[in-house]
Amino acid sequence: MLCRDEGEIDAYWAKLSHVPDSEQCGWCKDRFGISWQIIPENMADLTRRPEQIGVMMARRRL
């Protein structure tokens, strides 16, 4: 799911995330076991350099 801003990311995350152990790099799992990746629309801009990618990979929510 591409989101416009942090508020939209937070709203989707609150509705979809039901398995905290499966959360990583913007991925969450809903109560039915379906995985979702919730990311900002400008993800390409946020991952231009290797160090930016490293920071993103270490996060649960983007």
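Trainee: Does R61 count as buried, partly exposed or exposed, and what is its relative accessibility?

Mentor: This is a predicted model, and the class follows from the computed area. Buried means under 20% relative accessible area and exposed means over 50%. R61 falls between these cut-offs, so it counts as partly exposed, at a relative accessibility of 32%.

Trainee: Which residue does the side chain of R61 meet in a salt bridge?

Mentor: A salt bridge needs a side-chain nitrogen of Lys or Arg within 4 Å of a carboxyl oxygen of Asp or Glu. For R61 the N to O distance is 2.1 Å, and the partner is D10.

Trainee: How many residues apart in sequence are the parts that D10 and R61 tie together?

Mentor: D10 and R61 form a salt bridge. D10 belongs to helix α1, whereas R61 sits in the segment after α3, so the pair ties together parts separated in sequence by 51 residues.

Trainee: Is D10 buried, partly exposed or exposed?

Mentor: The cut-offs are under 20% for buried and over 50% for exposed. The relative accessibility of D10 is 33%, so D10 is partly exposed.

Trainee: Which element gives the most residues to the lining of the largest pocket?

Mentor: The pocket has a volume of about 190 Å³. Its lining includes D10 and R61, along with E6, I9 and R59 among others. Two or more lining residues come from each of α1 (6-16) and α3 (50-58). With three residues, the element that gives the most is α1.

Trainee: Which residue forms a salt bridge with D45, and how far apart are the closest N and O atoms?

Mentor: D45 is partly exposed, at 41% relative accessible area. The partner is R48, with the closest N and O atoms separated by 2.5 Å.

Trainee: What is the N to O distance in the salt bridge of E51 and R49?

Mentor: E51 is partly exposed at 47% relative accessibility. R49 is also partly exposed, with a relative accessible area of 45%. Their side chains meet in a salt bridge with an N to O distance of 2.6 Å.

Trainee: How many salt bridges does the structure hold?

Mentor: Among them are D10 with R61, R48 with D45 and E51 with R49. The total for the structure is five.

Methods
Residues are numbered from 1 along each chain as its sequence is written. This is a predicted model: local features need pLDDT of at least 70, side-chain atom pairs count only at pLDDT 80 or more; totals for chains, interfaces and linings use all residues. Side-chain values use heavy atoms; hydrogens and water are left out. On a 1 Å grid over the protein atoms alone, a cavity is a set of points where a 1.4 Å probe fits but cannot get out, and a pocket is an open set with protein on both sides within 12 Å along at least five of seven lines; lining residues have an atom within 4 Å of a point. Grid points are joined across faces, edges and corners, and a volume is the space filled by probe spheres set on the points. Helices (H or I, at least four residues) and strands (E, at least two) are DSSP runs, numbered from the N terminus. Buried means under 20% relative accessible area, exposed over 50%, partly exposed in between (1.4 Å probe, protein chains only).
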